[in-house]
Amino acid sequence: MGSEEDRIAIEKEKVLMVGAGGIGCELLKTLVLTGFKHIHLIDMDTIEVSNLNRQFLFRKSHVGQSKAKVAREAVLKFRPGVDIVAHHGNVKNTEFDIDFFKQFSVVLNGLDNLEARRHVNRLCLAAGVPLVESGTTGYLGQVTVHIKGKTECYECQPKPAPKSYPVCTITSTPSKLIHCIVWAKELALAKLFGDKSQVSDLDVRTSVEGKSITSEVENDDVKFFELRSGESFRQFAARVFDRIFGYNIEIALQNEETWKARRQPDPLYLDKILPNQQEEEGSAAEENGNVVEIEQHPSVSAMATLGLKNPQKIWDVQENARVFLESIQLFFKRRSKDIGKLVFDKDDQLAVEFVTAAANLRAHSFGIPMQSLFEAKGMAGNIIHAIATTNACIAGLIVLEALKLLTNQTEQCRMTYCVEHPTRKMLLVPVEPAEPNSHCYVCSETPLVLEVNTVTATMRDVIEKVLKRKLGVDSPVIMQGSSLLYETGDDLEDDMAAHYASLLNKSLASYPTPITTGVVLTVEDYHQDFRCSLHVKHRETFDEETEPDGILVTGDIASVINAEQPTLQPKTPAADDEDLFNKEENGHGDDKKDDDDDLVMFTPETTAGTKRKLEEDENLLKEKLKNHHLLADFGRRSMSVVVFTSWPVHREKDRL
């Protein structure tokens, strides 16, 4: 560790750990064995069975308990003299504010999502506390060091944007299984069991010779997907099956133009797939009319009811049809309290079974290869399976960097990348930290450009799609000059809250002071001590495939200057005035948390205007490292599914 003075100093230092999952368990153990005596640990999650294969501080008896509290108790059994404070809560809670962060000498992250990482990064910047970031996925991992004013912050480098899909592709022309999974998860499951107030259109909208063709029962759409009086659960499930896999496909086929260059889908009807379906009425389909009082059970399984035991077996069409029918019936009989508020959760076995069966049936109709429940769950839940030894290596590297920071050896700090195949006989590749990015909108407050159709886009679109999803702002305060346009907070008066809410659905151009090209919006988040400016630029159209949100945020301030002052000499953007959010479309679903708490890596590429020296031959190492470009941060409650597009071809299937 160094001198006796260093050892004593380490024992006195106060450290904050965020995350007690795959990396967190290893990190806490390594910290106490290294000699750290004062540790605070934050994690909002509870222990799940799927954690037990690598999060070694937990046992089966701990399932359902707080990760932070159990980790603390486990470590104190072999290091009872250590002062460990466990916080079971979200790091974004207001109790963990800037003053809370200021009490620590260093912050060590073992998080699982981009949203939380951004939040911690901003609090560390505001508090002036060094941050050590980390992530693993499979055999790959990295540890990065962020020191305010000396190195780049976590957000100096653009993170891969969430992959989203045009509605027309999902509803009408799927070509990949992921399209079918998004359809099953976000449309079918939501339509049948989710919030009825949310838009979820399962019907096909198409046209022939300019005339719209829709289902004959379009106007009765809501009632169609409800259980009818006197109808058994099985009859309801069969009726839904024929509608979404049969009749809707026939409607789509009427637009011959669509299928000239595509394979035509095959309508699926239950009486063709299961001709003896009336004789196959399962135990869950015997009740008529109203839902009877039956014991509610969250862990019911259609697979168990049907005797399907192997989650890695690809079901045939008949098996998928049976699982689809049985899962609907079980929701009504054993999960009726969830109907109307169900949200997909990768740990909800019945929901995963429904999504797998529905996605496979749709895939079969469109000629797309079907997948096992195991594979479908990984895609729908954004799961990349972790390796315990990688977590252990990364945890050790985190502690090494923490020791350098706490013993005033910051010049020795390195960003270290763990690679799968040796590079110059190295599996751990050290890289000197980069300088702060002068174009970072977080630590350098560089202005951003908001390209948007100001006539159709609303303030709600800006808040949800840009501020929260892309910029990671939790509690935005928006101003136009000295005018306050929007704010949130518990201390906000009711009349003001109602006023702001009434403006959310107004188009930007229809605001009392129109928001259009040339207007500058100032955005602040007091909790994060974050501030940025958005220069608005009106844009009429967006590409549905590459810009499905209809809003684009970039760092190219020059384009707005030219738009505002057309008589000026056109300015050539600097080499690093790049689009901060659309450099590369990698996958991820915006908010639902993964099974693994240790995801998120980014490529160690050189930042424009800075120099990152490698310990070995720079060019050769960079060429090698490009093959390990990891794709990125996962968050909670996603509306889209992650698709990985940058893995080497021979690894792509494994990563999904």
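Modeller: Gladly! Helices (H or I, at least four residues) and strands (E, at least two) are DSSP runs, numbered from the N terminus. Helix 5 is followed by Gly 128, whose phi is positive, near 70°. This is a predicted model: local features need pLDDT of at least 70, side-chain atom pairs count only at pLDDT 80 or more, and totals for chains, interfaces and linings use all residues. Residues are numbered from 1 along each chain as its sequence is written, and side-chain values use heavy atoms, leaving out hydrogens and water.

Biologist: What makes Phe 100 and Phe 104 an edge-to-face pair?

Modeller: Rings of Phe, Tyr and Trp (its six-membered ring) pair if their centres lie within 6.5 Å; planes under 30 degrees apart count as stacked, over 60 as edge-to-face and the rest as tilted. Phe 100 and Phe 104 lie 5.2 Å centre to centre with 65° between the planes, hence edge-to-face.

Biologist: And why does Phe 100 count as buried?

Modeller: Because its relative accessibility is 11%. Phe 104 is buried too, at 5%.

Biologist: What makes Phe 233 and Phe 332 stacked?

Modeller: Their planes are 15° apart, with 5.5 Å centre to centre.

Technical notes. Buried < 20%, exposed > 50% of the residue type's maximum accessible area, 1.4 Å probe, protein only.
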